[in-house]
Amino acid sequence: MRIFYVFLMLIIGVSPVIGQVGLDTLGLTGTMADTVVAKRLWDQGRGLAKNRKFDEAYSLVDSASGIWSSMFGSKNLEVAYFNFEKGKIRDAQSKYQEAISWFDKTLEILEEKTEKNDSLISLIYYNKCRTYFGNRDLERSLKYGNKSLDLRISIFGQEHSDVAAAYNYLGNIYTRLDSFEKSIDCFRKAIHIRIKLFGEKNIELARSYNGLGSTFDEIGELDSAYFYIQKGLTIRLELLGPNHIDVAFSWHDLAVANRKVGLIDESIRCRKKSLEIFIKKYGMVNPNVATEYNGLGVVYQDKGLLEKA
């Protein structure tokens with residue numbers, strides 16, 4: 001274990017000698033010292049994940065999980081948290097099958113160690129819903145979205161932020177499934193809860209407005225689509241500023257809505273704004289940048305400006 005400890009101290013950027021002296025000074029030796037190392041690895045791994053350094057993050061969290069498992073067994077509740085973190089990292093990397101595997105391992109431990117109505121179980125259901133959605137498995141996404149919603153309502157009641165999040169994500173799924181009435185109903189429920197809890201100006205409400213507007217756009221109710229997408233954009237601009245990536249997506253959706261109602265000049269303006277943000281964020285080589293350039297070409301054709309298209 002001493003060799004392994006030295007190796008891990010080097011990984012997390014702490015001198016093995018200084019690290020051991022610090023732990024000894026605190027009176028931490030043996031198992032207690034190993035738990036401190038594991039926790040430190042986990043914290044640093046989560047920090048790296050937030051900065052999108054996913055491979056490094058996964059390596060540290062996996063090492064933390066290995067330490068904990070060797071001390072307390074693979075069915076320990078803390079190991080479930082490590083498994084969950086590894087699942088989230090793999091999901092962020094679009095490694096969906098591996099993410100689902102880690103979420104399932106987390107659930108296996110939680111269902112054995114906690115109450116069946118534990119809020120963390122509802123969170124795992126929610127993450128499985130999102131992962132299946134990313135993998136375009138809409139039926140399984142819907143299944144776990146509903147499981148998450150039902151469990152959250154049983155734990156928190158109807159008017160809770162986690163319930164609103166579940167309704168909102170179900171709205172996205174139903175839109176993809178062309179179940180537009182159900183989608184609109186879910187978005188409206190999310191909006192009602194979010195306004196009651198947080199007022200008219202919050203980021204999550206903007207997300208619900210944008211989802212509802214996009215659904216109206218799908219069914220050709222263009223005035224309603226424009227109205228709700230504009231409401232979402234207004235909130236995002238005020239709370240996030242003009243250069244945030246969420247603002248770029250709102251500009252994109254508004255450009256689409258404007259073109260459909262014949263406001264070509266306004267559609268061009270919105271496309272240019274979303275394109276500018278995407279280029280600042282990602283550079284020229286990015287799918288979102290390509291999408292905006294393609295959209296600009298289409299609206300320039302609408303306007304008869306073939307040389308720009």
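Predicted model: local features only at pLDDT ≥ 70, side-chain atom pairs only at ≥ 80, totals over all residues.
Take helix 8 (residues 138-156) and helix 9 (residues 161-176) to begin with. Their axes sit 9 Å apart, at an angle of about 160°. An angle over 145 degrees counts as roughly antiparallel, so that is how helix 8 runs relative to helix 9. The crossing of the two is left-handed. On the helix 8 side, the contact is made by Leu138, Ser141, Leu142, Gly145, Asn146, Leu149, Arg152, Ile153 and Phe156. Helix 9 brings in Asp162, Val163, Ala165, Ala166, Tyr167, Leu170, Ile173, Tyr174 and Arg176. Sorted by class, that contact comes to 12 nonpolar, 3 polar and 3 charged residues.

Next come helix 10 (residues 180-198) and helix 11 (residues 203-218), which pack at about 160° with axes 9 Å apart. These helices are therefore roughly antiparallel to each other, and they cross in a left-handed way. Among the residues making the contact are Phe180, Ile184, Phe187 and Ile191 of helix 10, along with Leu205, Tyr209, Leu212 and Phe216 of helix 11.

Helix 14 (residues 264-282) holds up on a simple length check: at 1.5 Å a residue, its 19 residues should span 27 Å, and the end C-alpha atoms are 26 Å apart, which agrees. Its buried residues are Ile264, Ser267, Ile268, Cys270, Arg271, Ser274, Leu275, Ile277 and Phe278. Residues three or four places apart on an α-helix point the same way, because there are 3.6 residues a turn. The cover over the buried residues of helix 14 includes helix 13 (245-260) and helix 15 (287-302). After helix 14 comes Gly283, with a positive phi near 85°.

How values were computed
Residues numbered from 1 in each chain as written. Heavy atoms only, no water. Axes fitted to C-alpha atoms, helices over the stretch in contact; angles between N-to-C directions. Helix = DSSP H or I, 4+ residues; strand = E, 2+ residues; numbered from the N terminus. Parallel < 35°, antiparallel > 145°, perpendicular 65-115°, else oblique. Left-handed = near helix turned anticlockwise from the far one by under 90°. Contact = heavy atoms within 4.5 Å. Nonpolar A, V, L, I, M, F, W, Y, C, P; charged D, E, K, R; others polar. Expected span 1.5 Å × (residues − 1). Buried < 20%, exposed > 50% of the residue type's maximum accessible area, 1.4 Å probe, protein only.
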